[in-house]
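Hi everyone, thanks for making the time.

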Amino acid sequence: MNMKKRLLSGMRPTGPMHLGHLLGALTNWKSLQDTYECYYMVADWHALMSEYKDPAHMKTYIMEMVADWLAVGIDPKKSTIFIQSHVKEHIELFVILSNMVPLSWLERCPTYKEQLREIKTRDLTTYGFLGYPVLQAADILAYKASVVPIGVDQMVHLELTREIARCFNNMHKKIFLEPEALLTDVPKLLGTDNRKMSKSYSNFIALGDTEDVIRKKICSMITDPKRIKLLDKGDPDICNVFSYYNIFAKDLVQDAENWCKTAKRGCTECKNRLADKVIEYLSPYKRKRTSLLKDKGYLEGILKLGMQKASEISSLTISEVHKAMGIR
Ligand code: TRP
């Protein structure tokens, strides 16, 4: 009998995996594998809620996502890796829960309101998108996961999941756990334009970027705006390039601080040194992801096994739900 607590998390295949995912989530996911019984899911139904007009490109992102996860050390022997849409119980539980979730819970959800306001490239005033957090609740509750590693931006969804679990438990029978968020301290890494690193801002360094692309992106980064000429002294504390040194080039942090404060070396040289380091940092992952992507059969095998393991658990929950509701 497995006595480890069950953990579930997911990511949407809406773009390439980048450094933000690596440092913000994947490194953490990797280290949780020994402590928890982990389920890591590619949330393709969630992706479809925003990508419904042009969903064909998701296929590439899905395979790349799985290859990237494996490349950074998510281990299929320890964790269950699967695609949300392969496991039918997610959608079934989503439909069941949709019937009991009051509209007002979804309409007042801050992430929903924010996305409607911010995202101009897609029409998100849809029936499906409003239900986003209900599907997320179904993902978590279908496994009775007690722990969910997420970023702070997802906290409201977890709170809704807890409310939905309570709602079902009170209405029918107490079968769901109220999951806890696992928030971890992650190093702060901004995108190349100083905003949050995100696919929608095109300010990311992808795990699959070539060396040239990585260098170009790093060389385009904004430094201390007051440092215009080579001999101008700079302030590393307000420079995003310097904050990257703290993560990817720890051995050069002192030097970089010195180059900047004394104007000993210019920003271009400083960026090029950083680019060398980031390229070096990513090279083992890149080698692995490239070889994994050449072996589609291997990836598909892992996903098939993942689907079987995930279905085993989630189908038990669905049977319990049917019974509690007296519908089958
Ligand atoms: N909404 C999450 C995100 O965008 C992805 C997700 C879908 C998820 N289902 C989940 C995360 C279940 C944790 C648990 O990041």
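This is a predicted model: local features need pLDDT of at least 70, side-chain atom pairs count only at pLDDT 80 or more; totals for chains, interfaces and linings use all residues.

**A walk from a buried phenylalanine**

Let's start with Phe 242, which you'll find in helix α11, residues 240-248.

Now zoom out to the whole helix. In α11, 7 of the 9 residues are buried, so the rest of the structure largely encloses this helix. Besides Phe 242, the buried ones include Val 241, Tyr 244, Tyr 245, Ile 247 and Phe 248. And what covers them? Among the elements doing that are α1, α12 and α13.

The largest cavity has a volume of about 90 Å³. Its lining is made of 14 residues, with Arg 227, Cys 239, Ala 256, Cys 260 and Cys 270 nearest the centre. Which elements give two or more residues to that lining? They are α11, α12 (253-261) and α13 (267-293). By class, the lining of the largest cavity splits into 9 nonpolar, 2 polar and 3 charged residues.

The second largest cavity holds about 60 Å³ of space. Lining this one are Thr 111, Tyr 112, Gln 115, Phe 129, Tyr 132, Pro 133 and His 157. The largest share, 3 residues, comes from α6. Here the classes are 4 nonpolar, 3 polar and no charged.

**A pocket**

Moving on to an open space: the second largest pocket has about 300 Å³. It is lined by 13 residues, and nearest its centre you'll see Phe 94, Ser 98, Tyr 127, Gly 128 and Gly 131. Helices α4 (89-98), α5 (103-107) and α7 (127-130) supply at least two lining residues each. How many charged residues does the lining of this pocket have? It has no charged residues, with 10 nonpolar and 3 polar.

Next, have a look at His 322, which lies in helix α14, residues 296-325. His 322 has 7% relative accessibility, so it counts as buried. Leaving out neighbours within four places in sequence, His 322 is in contact with Glu 92, Ile 96, Ile 327 and Arg 328.

**A buried strand**

Over to strand β2, residues 37-42. All of it is tucked away: 6 of the 6 residues are buried, so β2 is largely enclosed by the rest of the structure. In a regular strand, side chains alternate between the two faces of the sheet. In β2, Glu 37, Tyr 39 and Met 41 point one way, while Cys 38, Tyr 40 and Val 42 point the other.

What does β2 pair with? There's β1 (residues 6-11), which runs parallel to β2 and is joined to it by 6 bridges; Arg 6 stands opposite Glu 37 there. There's also β3 (residues 80-83), again parallel, with 4 bridges to β2, and here Tyr 39 stands opposite Thr 80. Together, β1, helix α1 (residues 19-32) and β2 make a right-handed β-α-β unit.

Last stop. Most residues other than glycine have a negative phi. Ser 202, though, has a positive phi, near 45°. Ser 202 sits in the loop between β5 (180-182) and α10 (211-219), and at 62% relative accessibility it counts as exposed. Ala 263 also has a positive phi, near 60°. Ala 263 is in the loop between α12 and α13, and with a relative accessible area of 8%, this residue is buried.

Notes
Residues are numbered from 1 along each chain as its sequence is written. Side-chain values use heavy atoms; hydrogens and water are left out. Buried means under 20% relative accessible area, exposed over 50%, partly exposed in between (1.4 Å probe, protein chains only). Two strands pair if DSSP finds at least two bridges between them. A crossover is right-handed if, with the strands pointing away from the viewer, the path from the first strand over the helix to the second runs clockwise. On a 1 Å grid over the protein atoms alone, a cavity is a set of points where a 1.4 Å probe fits but cannot get out, and a pocket is an open set with protein on both sides within 12 Å along at least five of seven lines; lining residues have an atom within 4 Å of a point. Grid points are joined across faces, edges and corners, and a volume is the space filled by probe spheres set on the points. Ala, Val, Leu, Ile, Met, Phe, Trp, Tyr, Cys and Pro count as nonpolar, Asp, Glu, Lys and Arg as charged, and the others, Gly among them, as polar. Contact means heavy atoms within 4.5 Å.
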